[in-house]
Amino acid sequence: MAKKLYKSSTDKKISGVCGGIAEYFDIDPTLVRVIAVLLILGWGSGLILYIVLALVMPYDYEVK
C-alpha cells in the first residue's frame, strides 16, 4: 500500500500540514515546524507554500 500525504487530524497546531508532513516522512513534527518557520521568516515563500498545502491537502480521518 502506497503512503499518501494527508493533513494530520491528531497532531496539528494550525491546520495539520506540518504534522502530516512529519507523519509522511516519519520524523519529529517539531523539526518540520522549525523548518517551516525558518522558510516563512527567511524568504516569505514558505507562507505561500503553507497556505497552498493547507488548502490542497486532505485530512486523514482514519482513527489510529
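Contact, as used here for packing, means heavy atoms within 4.5 Å. The model is a predicted one.

Q: Against which helices do the buried residues of helix 3 pack?
A: In helix 3, Gly 46, Tyr 50 and Ala 54 are buried. They cover an arc of only 70 degrees around the axis, which puts them on the same side of helix 3. In general, an α-helix has 3.6 residues a turn, so residues three or four places apart point the same way. The buried residues of helix 3 pack against helix 1 and helix 2 (29-42).

Q: How many Å apart are the end C-alpha atoms of residues 34-56?
A: An unreviewed UniProt entry places a "transmembrane region" at residues 34-56. Over this stretch the chain is 91% helix and 0% strand, and the distance between the end C-alpha atoms is 21 Å.

Q: Is Ser 8 buried or exposed, and with which side chain does the side chain of Ser 8 make a polar contact?
A: Ser 8 lies in the segment before helix 1 (17-25), and with a relative accessible area of 1% Ser 8 is buried. Not counting residues up to four places away in sequence, Ser 8 touches Gly 16, Gly 19, Gly 20, Glu 23 and Tyr 59. The polar contact of the Ser 8 side chain, at 3.0 Å, is with the side chain of Glu 23.

Notes. Residues numbered from 1 in each chain as written. Predicted model: local features only at pLDDT ≥ 70, side-chain atom pairs only at ≥ 80, totals over all residues. Heavy atoms only, no water. UniProt positions renumbered as here; feature names shortened; annotations may be inferred. Helix = DSSP H or I, 4+ residues; strand = E, 2+ residues; numbered from the N terminus. Buried < 20%, exposed > 50% of the residue type's maximum accessible area, 1.4 Å probe, protein only. Polar contact = N/O pair within 3.5 Å; in protein donor to acceptor, adjacent residues only side chain to side chain. Arc of directions from axis to C-beta.
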